[in-house]
Amino acid sequence: MKKSVVYIVHTAFWVLYFLLLLLIIAAATKGFSSNIPFGYIAKVGFSFVVIPSVITFYLCYFYLFTKYIKTKKIVSSLVYAILFSVGSALVGGLFLSLLFGLDMMFKGGISSFLAQLFSMVLIGLLAGVMSIIINGFITWYDEIKLKEELIIKNHQIELALVKAQLDPHFLFNTINNIDALILKDPKIASEYLNKLSDILRFMLFETKAQRIDLSKEIEYIEKYIALQKTRTANESFVHFTLNGNLSNQVIPPMLLISFIENAFKHTANKKIENAITISLNIDDKTIVFECENKYNPKNKIQIEHSGIGNNLIRKRIELLYPQI
């Protein structure tokens, strides 16, 4: 949500809040017709209502909601909400004492003081609840907008990926290589043909889901590398390492393949050893992916302006993982 809209929401809340406060004061003083000076009423209202409300509202808005409510720490949220309300009530009581003296707070004895303090705590809690509702609405709205933007970006990336993956040069070269292998080694040719079929099936069907098993993504990458190797007799052309446990790990489909494709596309010499180095290290919460290739520095400008574009990939990752 735009900051200007957030400011408007806050302003509207406080305007309505203070209008309600004025109506309550007017009702309590019979429409301001009593002998109680309005200045006195304003000072009491400021100390008794405004201070606890404002302090608790923004403590809950900026601290409590972000750190505890969003992370579903219910007990901690209740404890801090009460502490904030009591603290703001004490600040309001201090202002009353400074304005009217200690007699104002303890005029009716300790029971009167506790009753006033309890009332200010309730007022603060009410304001805190309203701040949580407002922040929750803003957060909910932002999440909807983020999902809409993610859908749009996903459509863009899918179109770009389809163009990149269904590169006719890659398909034709692979088919020609398989065709050449049919006479030499039909068994290996059949294996490569099955890999190509699996890749096409994966791209057409598996990529529709928002998340897929990491094992499927890696299986796709391994088959893609195997097909690319048919274009060279150098067995050590690509070095791919995988470390970690794949079970129960998921990932957005085709998130890593774009880097690998660009590495193959822009490798200078397929005859050298480890022209492309790919590593994937996995633990419970993190996936570390590295892809390096050796290229000709003279083609740097051409490389920067070709392919799917790192900016689009980076934007997709930022949308998928905003906490990073």
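## The salt bridge between K223 and D198

In this predicted model, the side chains of K223 and D198 come together in a salt bridge, with a distance of 2.7 Å from N to O. K223 belongs to helix 8, whereas D198 belongs to helix 7, which covers residues 186-205; the pair therefore ties together parts that are 25 residues apart in sequence.

D198, with a relative accessible area of 26%, is partly exposed.

## A network around K223

K223 also takes part in a salt bridge with E219, in which the closest N and O atoms are 3.1 Å apart. Both E219 and K223 lie in helix 8, where four residues, or about one turn of the helix, separate them. Salt bridges with shared partners join E219 and K223 with D198 and R201 into one network. E219 itself counts as partly exposed, at 40% relative accessibility.

## Salt bridges in the whole structure

How many salt bridges does a search of the whole structure find? The search finds four. One of them links K145 with E148, and the closest N and O atoms of this pair are 3.7 Å apart.

K145 and E148 both belong to helix 5, which spans residues 110-165; because they are three residues apart there, about one helical turn separates them. K145 counts as partly exposed, at 41% relative accessibility. E148 is likewise partly exposed, with a relative accessible area of 41%.

T230 is situated in the loop that runs between helix 8, residues 214-229, and strand 2, residues 238-243. Is T230 buried or exposed? Its relative accessibility is 17%, so T230 counts as buried, the limit being under 20%.

Two polar partners of the T230 side chain can be named. The side chain of N177 makes a polar contact with the side chain of T230 at 3.4 Å. When residues up to four places away in sequence are not counted, T230 touches N177 and Y192.

Note on methods. Residues are numbered from 1 along each chain as its sequence is written. This is a predicted model: local features need pLDDT of at least 70, side-chain atom pairs count only at pLDDT 80 or more; totals for chains, interfaces and linings use all residues. Side-chain values use heavy atoms; hydrogens and water are left out. Helices (H or I, at least four residues) and strands (E, at least two) are DSSP runs, numbered from the N terminus. Buried means under 20% relative accessible area, exposed over 50%, partly exposed in between (1.4 Å probe, protein chains only). A polar contact is a pair of N or O atoms within 3.5 Å; within protein, one must be able to donate a hydrogen and the other to accept it, and residues adjacent in sequence count only if both atoms are side-chain atoms. Contact means heavy atoms within 4.5 Å.
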